[in-house]
Amino acid sequence: MAPRADIYKASPEAFNAWYALSRKLAACGLEPSLLELVKIRSSQINGCANCLNMHTAEARRAGETEQRLHLLAAWHEAPCYSDRERAALDWTEHMTDIATKRAPDAVYAALAEHFTPAEQVELTLAINVINGWNRLAVGFNVYAPEMGWQ
């Protein structure tokens with residue numbers, strides 16, 4: 001799989017702005033492990049090997065267990081996620097597949113029960129950012145194995 005374009009150099013101003021937003025959201029105050037679960041779940045839905053490789057490694061560094069990482073694709077049935085994590089994961093799935101899933105009131109109500117309005121916006125922006133990275137990586141055949149676990 002050869003890269004189609006060098007996304008880092010093709011449009012440096014746009015890339016640097018996108019990367020700056022990513023860094024800002026990583027430091028927004030939401031739990032690092034929660035943000036990594038969200039990034040992994042979006043990347044699973046979008047089939048992004050690059051981001052799955054990167055964010056499973058980041059999740060391990062943030063303290064995630066192998067069990068929780070392996071069960072993430074079936075989080076609905078797995079008892080090892082908190083109610084806050086479940087609300088975030090459900091919101092993630094709906095925001096990632098918004099064209100078909102939309103944003104139902106019940107999903108938002110669960111989110112609002114566990115996240116402040118500021119956290120809701122930050123989480124939604126983080127979901128948007130990982131979806132954008134997924135689209136860049138899948139669209140341009142980006143795969144950087146050095147960014148994952150080795």
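Reader: How many aromatic pairs does the count come to?

Author: This is a predicted model in which local features need pLDDT of at least 70 and side-chain atom pairs count only at pLDDT 80 or more, while totals for chains, interfaces and linings use all residues. Residues are numbered from 1 along each chain as its sequence is written, and side-chain values use heavy atoms, with hydrogens and water left out. Rings of Phe, Tyr and Trp (its six-membered ring) pair if their centres lie within 6.5 Å, and planes under 30 degrees apart count as stacked, over 60 as edge-to-face and the rest as tilted. By this rule, the number of aromatic pairs is 5.

Reader: Is F15 buried or exposed?

Author: Buried means under 20% relative accessible area, exposed over 50%, and partly exposed in between (1.4 Å probe, protein chains only). Y19, at 40% relative accessibility, counts as partly exposed, whereas F15 has a relative accessible area of 14% and is therefore buried.

Reader: Which residue lies over the face of F115?

Author: A charge sits over a ring if NZ of Lys or CZ of Arg is within 6 Å of the ring centre and within 35 degrees of the ring normal. At 4.0 Å from the ring centre of F115, the residue over its face is R84.
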